[in-house]
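Let's take a walk through a protein model together. Keep the picture open while you read, and find each spot as we get to it.

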Amino acid sequence: MATQKTNYTISEDLIIKYNKLNEKKKELEKELDELKKVFHIYFDHLVGQNEKGEVTVNNYKLQRQIRKSEKLHEEKTVNRLTELNMTDLIHHVPKPDEEKVKSAIMLGLLSEEDLEGCLIKSASQAIIVKTLKT
């Protein structure tokens, strides 16, 4: 990917533009959500809840797709498999107890050096614009 030469100077105009666009984005997302609700209500009445459907209006085709997934409820499934003596179908995954590990470090039973390379650190970035009172 080619790197782009950009002017990294931040100006008031740039911040104002960002803020206005961000507000527009929120308004658009809200409006889109309202339209989606209308479309879902329409399809619920036309074909039924959680059923795919489509309608053509002039040169536009509006479709509703339904994505279905199944997932086992972990606690209930483990209990049921245990009741059925099918424990070989249960994963036994050892996981560190973070609260106990932190307590052990605070009590001096464990040092941070003992866990070197085990701690995963992450960061996320966010841009926030606030209007200051003048």
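Before we start, a word on helices and strands: both are DSSP runs, a helix being H or I over at least four residues and a strand being E over at least two, and they are numbered from the N terminus. What you're looking at is a predicted model, in which local features need pLDDT of at least 70 and side-chain atom pairs count only at pLDDT 80 or more, while totals for chains, interfaces and linings use all residues. Residues are numbered from 1 along each chain as its sequence is written, and side-chain values use heavy atoms, with hydrogens and water left out.

Let's begin with helix H1, which covers residues 12–47. UniProt, in an unreviewed entry, places a "coiled-coil region" at residues 11–38. UniProt positions are given here in the numbering of this model, with feature names shortened, and such annotations may be inferred rather than shown by experiment. In the model, that span is 96% helix and 0% strand, and its end C-alpha atoms lie 41 Å apart.

Now look for charged partners. A salt bridge here is a side-chain nitrogen of Lys or Arg within 4 Å of a carboxyl oxygen of Asp or Glu. By that rule, the model has 4 salt bridges. One of them joins the side chains of Glu34 and Lys37, at 3.6 Å from N to O. Both residues sit in H1, 3 residues apart, which is about one turn of the helix.

How open is a residue to its surroundings? We call it buried under 20% relative accessible area, exposed over 50%, and partly exposed in between, using a 1.4 Å probe and protein chains only. Glu34, at 43%, is partly exposed.

Another salt bridge pairs Asp44 with Arg64, and their closest N and O atoms are 2.8 Å apart. This pair links distant parts of the chain, since Asp44 belongs to helix H1 and Arg64 to strand E2 (residues 60–64), 20 residues apart. Asp44 counts as partly exposed because its relative accessibility is 26%, whereas Arg64 counts as buried because its value is 6%.

Lys61 also has a partner: Glu54, with the closest N and O atoms 3.8 Å apart. Lys61 is exposed at 55% relative accessibility, and Glu54 is partly exposed at 43%.

Asn50 is in the loop between H1 and strand E1 (53–57), and Asn58 is in the loop between E1 and E2. Asn50 has a phi near 55°, a positive value in a residue other than glycine. Asn58 isn't a glycine either, yet its phi is positive too, at about 55°. Asn50 counts as exposed because its relative accessibility is 53%, and Asn58 is exposed with 74%.

Next, surface patches. They are made of residues with over 30% relative accessible area and no salt bridge, where like charges are joined within 9 Å and nonpolar side chains (Val, Leu, Ile, Met, Phe, Trp, Tyr) within 5 Å. The areas come from the Shrake-Rupley method with a 1.4 Å probe, and for residues only the protein chains shown count as cover. Leu32, Leu35, Val38 and Phe39 make a nonpolar patch of about 350 Å². Leu32 is in helix H1 and is partly exposed, with a relative accessible area of 48%.

Finally, move along to helix H3 (98–107). Just after H3, Gly108 takes a positive phi of about 85°. The segment after this helix also holds Asp114, which is exposed at 52%. Asp114 gathers with Glu112, Glu113 and Glu116 in a surface patch of negative charge. For charges, Lys and Arg count as positive and Asp and Glu as negative, with His and the chain ends not counted. The place of a charge is taken as NZ of Lys, CZ of Arg, CG of Asp or CD of Glu.
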